[in-house]
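Please look over the sequence and the structure shown here before reading the briefing below.

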Amino acid sequence: MSKNILPLALGAAMGIVASAAAAQAGTLDDVKAKGFIQCGVSQGLPGFSNPDAQGNWTGLDVDLCRAVSAAVFGTPDNVKYSPLSAKERFTALQSGEVDVLSRNTTWTLSRDTSLGLNFAGVNYYDGQGFMVRKDLGVSSALELSGASVCTQTGTTTELNIADYFRSNNMPYEVVAFEKLEEVVKAYDAGRCDVFSNDASGLYATRLTLTNPGDHIVLPEIISKEPLGPVVRHGDDQWFDVVKWTHNAMLNAEELGVNSSNVEEMKSSENPEIKRLLGVEGTFGEMLGLSNDWVVNIVKTVGNYGESFDRNVGPNTPLAISRGLNALWKDGGIQYAPPIR
Amino acid sequence: MSQTSTFQIRTEEAPRLPAPVSTTGLIGWMRQNLFSSAGNTILTIFGILLAYSIFAPLIQFALIDAVWSGDNRDACVVPDGSTETVGACWAFVKAYFPQFIYGRYPTEEIYRVNIVYAMFAGLLIPMAIPSVPFKKLNAVLLLIVFPIIAYYLLTGLVIGSDVILPIVETPFWGGLLVTLVIAVTGITASLPLGILFALGRRSDMPIVKLVSVIFIEFWRGVPLITVLFMSSVMLPLFLPEGVTFDRLLRVLIGVTLFSAAYMAEVVRGGLQAIPKGQYEGAMALGLRFWPMMGLIILPQALKLVIPGIVNTFIGLFKDTTLVMIVGMFDLLGQIQTSTSDPNWASPTTGVTGYLFAAMIFFCFCFGMSRYSIFIEKKLHTGHKR
Amino acid sequence: MTTRDTEVAQPEARTSLINDPQARAIFFQVLLVAVLVFAGYVIVTNTVANLQRQNIASGYGFLENIAGFGISLTLIDYSETSSYGRAILVGLLNTVLVAVVGVVLASTLGFIIGVARLSKNWVISKLAYCYVEAIRNVPLLLQIVFWYFLLLNAVPSARNSMEAFGSVFLNNRGLFMPKPVFGPEAVLALGALIVAVVASIVIKIWASRRQMATGQQFPSGLTALGLIVLLPLAGLVVTGFPVTFDYPVLKGFNFVGGQRLIPEMIALITALSIYTSSFIAEIVRAGIQAVSHGQTEAAHALGLRHGPTLRLVIIPQAMRVIIPPLTSQYLNLTKNSSLAVAIAFPDLVSLGGTVLNQTGQAIEVISIWMLVYLSLSLITSAFMNWYNQKMALVER
């Protein structure tokens, strides 16, 4: 009997084989070798990274991973998604489980340094806000003295709430949940007066409440939340690829290159567009990619503006205006260094 | 003097009278069990009231006021101004049922999951019924052949560049599928480990014993949730650069180690119950340690602890819900996620989902515990002292 | 003689090391140690390399840093400027609080259900059976979230609270009660309470000795109750009732003042005690059934009534069977309290998780968790072992 069991134990242990990718010097080579990008995303935040019923991921953060895939492979579909909780996200990146973390993660100094991460830009300038029930009759966050606040644990949100209420000398009670879903449920059930999150997240989650019309987002924005893609320390080439993928999408929008006109734009006389689309220069090769990398990105994913409008823009249920995320020349602060 | 006898000797049996009405039938039973004394009567009335106050609203909610069909939340929400009450929203469960059973497994591949379910049931049921023959063949099929086939069926099979079964990544698995995969893999993998540690704990070698005791007491002393956090957050740091594990596999490792410790204690109970004479007899026959254990001791000991193993399995089955906290979608996780779908958000959706989950878990666990009692009774007949 | 010598000597010579059980034992143990040391070495070097490569700080120094987040339930002083270490301590105390309250409630409920299960009354025993089977076959986590969301959904909001006695309020922010506030003079009453407790213990010992010696009984229980209630009360009367009550008042969004039980705690303790009580009920039932019926008959024959039979004869014997499994249920309850993380009750795991998220110190935080739970387990089992030994049958 025991003789039968021992090999069984081994068999079971081997049952689901570990995907042991050989340790290599560069993530880019690694990614090219395995043929896909492992992208860490949220467990479901409409507009940013959210799976539909068939398991297809969409959203602004997802588009970034798709753009990187388009830049590396020429097709946006060579991406595998790892839904990560707030708690797991950094270890997942540190341990190499994901190649890039595109999970509405706030860029802070401590994360940039002691966690061993590199933020490759800001794909959404956000700020933390508050949502309350209309019938509370509150019109400003300064009237929230004594309120119960529901939020997600382990985020900068939790710390900002503490700072805000403390600096305004308002007593408060914080109820911090592990998952966003639980926060929303508890708020919906009336456990808290206030739900605090990044403003984009507030709009996204308001859609999932029982009666979205009963809730308003207060005007105060209490923090800076630059959200962006993250890679590991110490792999500059991969860092550059992710960083410039984002910049290329911004530059494309700035230069008026979009998914429908990208082929015509190749014959544009504008030297900036020529460099962007690889007609002139070898900028793609400098990154370790092909020279038509931006063409691939824009053709399949679109420029930043297209991605924004498609996922979170005014015509989506989230109905977020560009605001800070407009290009610098349109009054926003999205500003990409030039490709030259 | 003739003496007429004053004795009357009955020559035939007196007619049998029925027992007093007050001791037989329904009335007798009620007098004995419900109204034997004033205190008992009060208790009975109290009990009936209590039962009524629990079951009446439950039936009202789950059956009478329930909504059985509908396409979205409108079916389960009380219209404004209406005074009717809406109970359980079963329409929601109906709409989400495939997700609860298969998670987000691709629709065109679901037949593979069904085959695995069917194979599992087809092999487990004859295994569980004592009178069905071919137990050995059945065990080999269930414990060796089935896991291999199930593995390839569920994850997919690609030989070279030929895609025989398209790969389905574990993040697409969910619902009951994940619950069963974790519970069944956990229990089958923890049994051999548990046996090893149980033997280790009873070993004469001090270091082996020490290591076993530390292992067992460590895993039994910490909550499963910290083990799961460890496997999801800390384990990746232990591995060399570039080596990563599938999330499901990491959870499986944690669950297996955890339940192996409990299994070890169950098996140790069985080993202790084997009389010393069995060991001495085996040694007298010249058997070495492993043949002695494998041929004489373990077959007896494991048979004794089948109820214990089933109980450990029930515990593990219930504990699989904890993987929800580390972000996997088991049955409970899947149900909880779907209750926040805005298309179905209504005051009763959440409760309905939990009720459904409770029913599924109850059916599985209650069934298994009945089975364990059945086996216990069956095993007891032979050697009851 | 010579032949015999060789016969004895030969097997010794032939016993190679491979067949010597002792040598084999040493070999296996050395092998085991080597494997363990090697595994440990690989893990440590991997971890160190991973941490260094990614520039992650390690060590427990972060515990001194300022936490910066708020906690909804603290038994000791804590503010956002306290350290991470203190936040974890707050979590530990909350875990202990839930465990202690849970153990008391679960035991009480479990004993009642366990006895009810053996009741001669059909309705009562079937009800108890349904309770046990329904509760223990449904996962605890499901029950916790169920109670939590039931509580949030079924109970009105703060402004329409349920009210009792004009000072106890129940709403979806929790249960609010008046909190007694003792003035400085209340020290006398506290002293009186201590005196009463000590006196009760002394009387109990004296009473049992006297009963052993003379057979005369003394109502020590009643005396103790009287002492413990009356003495502190006298103390309060003498000092002129230095007690005021802090009443909860609806102010702004929430109630302010008074004693508050947050909904997370109510849901967690309810679920934990109900779940554990179903297991304790089964243990109690099995324990009572394990006492042979002859004991009951003998007690009745001695003229003991039903109550004293149960109290003096059956339960003390049943306890010996009950205690060991009861211990493991208490341990389970303590460990299960970690599921608080699912409903945002700030226990050790949930606050540790927050610290883990804020600092990224996975290994350190997880090692603290494991250490604490292991110590709690060891302390509980040590206590229960001591109690078990005290209760154990003294065999002559």
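The points that follow are grouped by topic.

This is a predicted model, in which local features need pLDDT of at least 70 and side-chain atom pairs count only at pLDDT 80 or more, while totals for chains, interfaces and linings use all residues. Residues are numbered from 1 along each chain as its sequence is written, and chains are lettered from A and ligands numbered from 1 in the order in which they are written.

**Two helices of chain B**

- The axes of helix 8 (residues 224-238) of chain B and helix 9 (residues 247-273) of chain B come within 9 Å and cross at roughly 140 degrees, where axes are lines fitted to C-alpha atoms, for helices over the stretch in contact, and angles run from 0 to 180 degrees between N-to-C directions.
- Helices (H or I, at least four residues) and strands (E, at least two) are DSSP runs, numbered from the N terminus.
- Helix 8 of chain B and helix 9 of chain B are therefore oblique to each other, since angles under 35 degrees count as roughly parallel, over 145 as roughly antiparallel, 65 to 115 as roughly perpendicular and the rest as oblique.

**Two domains of chain B**

- Chain B is assigned domain 1 (91-105 + 172-380) and domain 2 (107-167), with bounds that come from an automatic or database domain assignment.
- The C-alpha centres of domain 1 of chain B and domain 2 of chain B lie 19 Å apart.
- Six residues from domain 1 of chain B and six residues from domain 2 of chain B make up the contact, which counts two residues if their C-beta atoms, placed from the backbone, lie within 7 Å.
- On the side of domain 1 of chain B that touches domain 2 of chain B, helix 6 (176-201) and helix 14 (349-380) of chain B each give two or more residues.
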